[in-house]
Amino acid sequence: RQDRTPQVLQPMASAYSFAGELSFFFPDELCASIVRSHRETSQCRVEDLQALRWKLFSREEIQAYQNKSVDEMWQHCAIRLTDAVQYVVEFAKHIPGFRILSQNDQIALLKMGSMEVVLVRMSRLFNTENNTVFFDGKFAGTEVFKSLACGDLITAVFDFAHGMCALKLTEQQIALFSALVLINADRPCLEDRGRVQRVQRSVELGLTHILHRDNQDSLMHKLYQRMAVLRSLCGLHMEKLRWFSQRYPLTAHSLFPPLYKELFASEAELLPGPTHC
Ligand SMILES: CC(C)CCC(=O)N[C@H](Cc1ccc(NC(=O)CCc2ccc(Cl)cc2)cc1)C(=O)N1CCC(C)CC1
């Protein structure tokens with residue numbers, strides 16, 4: 001009697017996951033769930049940002065940011081970065097295709113992709129008319145980040161955002177593009193690459209589906225070019241973070257929010273020796 005119960009449950013469980021997986025083959029269903037997840041985890045709505053777009057920092061406020069020490073300003077930004085990453089983790093968790101992946105594969109995709117998705121979403125924060133970004137409730141120019149002592153990275157962040165804004169993506173297109181950036185079967189250390197590939201292909205199908213519907217098929221190759229720029233901008237972030245954690249080890253290793261360390265501190269940094277999966 002006892003041994004029969006698990007058998008009955010077993011097919012049910014596989015039926016659910018099978019039905020869950022099936023939804024990938026209906027692009028409308030998949031797109032709707034990804035767009036819903038994006039909207040529920042996007043931290044702020046574009047129309048709210050529009051209303052604030054001319055709220056700039058005063059000279060005194062800019063001076064106050066520039067008077068901060070390097071490690072103080074880095075910590076200030078790291079907290080916002082970690083905050084943004086947490087919303088991306090929530091976004092991922094609500095994507096049906098992501099949920100059916102193994103825990104390890106979910107972590108591997110987030111480790112490599114969450115920063116990239118933050119940078120995609122961040123382009124919504126920019127006002128390209130006056131080259132400012134939404135930060136601490138107002139719009140800031142690059143001079144606000146002077147005390148980070150990484151002007152080349154900030155310039156790269158602003159340039160990337162300009163490139164993204166030039167594509168004039170809709171929220172739905174940003175949602176599907178973010179899911180595609182995250183669910184990438186080429187990431188290292190994946191246990192079940194085949195399953196990630198299947199989910200990636202269904203998200204690609206969803207993105208081409210809405211681009212076709214929006215009569216913007218030409219955007220697809222531009223988005224793939226953006227993914228290459230995204231990867232190098234992310235690499236620059238990691239490089240600067242390594243520089244910072246060597247220069248200010250105390251701040252980096254004790255004050256940084258734990259999630260940030262978990263997601264971005266690569267083994268190479270923490271454990272000398274070969275970087276393993
Ligand atoms: C209201 C929500 C929709 C906001 C969602 C959102 O995207 N917030 C981002 C998160 C963020 C924060 C910092 C960076 N990078 C940097 O500061 C470069 C140096 C650096 C690198 C690494 C560490 Cl640990 C610390 C500092 C990237 C992104 C945000 O707060 N921004 C956008 C980018 C500017 C430069 C700062 C303000």
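**Burial, packing and pairing**

Guide: In this predicted model, S123 is buried, with a relative accessible area of 5%.

Visitor: Where is the place of S123, and with which residues is S123 in contact, leaving aside its neighbours within four places in sequence?
Guide: S123 lies in the loop between α7 and β1. The relative accessible area of S123 is 5%, and buried means under 20%, so S123 counts as buried. Leaving aside neighbours within four places in sequence, its contacts are A161, M164 and C165.

Visitor: Are α5 and α7 roughly parallel or roughly perpendicular?
Guide: The axes of helix α5 (residues 70–93) and helix α7 (residues 103–122) come within 9 Å and cross at roughly 110 degrees. Angles of 65 to 115 degrees count as roughly perpendicular. The orientation of α5 to α7 is therefore roughly perpendicular.

Visitor: How do the residues in the contact of α5 with α7 divide by class, and what are the counts?
Guide: On the α5 side the contact includes L81, V85, V88 and F91, and on the α7 side it includes L110, M115, V118 and R121. By class, the contact of α5 with α7 has 12 nonpolar, 1 polar and 1 charged residues.

Visitor: Which strands are the edge strands of the open sheet?
Guide: The sheet has 3 strands in the order β1-β2-β3, with antiparallel pairing. An edge strand pairs on one side only, and the edge strands are β1 (126–127) and β3 (138–140).

Visitor: Which residue of β3 stands opposite V133?
Guide: Strand β2 (residues 132–135) is joined to β1 by 2 bridges, in which F126 has V133 as its partner and N127 has T132. Towards β3, β2 has 3 bridges, again antiparallel. There, V133 stands opposite A140.

Visitor: Which residue takes a positive phi near 55 degrees in the hairpin of β2 and β3?
Guide: The hairpin of β1 and β2 has 4 residues between the strands, and there N131 takes a positive phi near 50 degrees. In the hairpin of β2 and β3, with 2 residues between the strands, the residue with a positive phi near 55 degrees is D136.

Methods:
Residues numbered from 1 in each chain as written. Predicted model: local features only at pLDDT ≥ 70, side-chain atom pairs only at ≥ 80, totals over all residues. Heavy atoms only, no water. Axes fitted to C-alpha atoms, helices over the stretch in contact; angles between N-to-C directions. Parallel < 35°, antiparallel > 145°, perpendicular 65-115°, else oblique. Contact = heavy atoms within 4.5 Å. Nonpolar A, V, L, I, M, F, W, Y, C, P; charged D, E, K, R; others polar. Pairing = 2+ DSSP bridges. Buried < 20%, exposed > 50% of the residue type's maximum accessible area, 1.4 Å probe, protein only.
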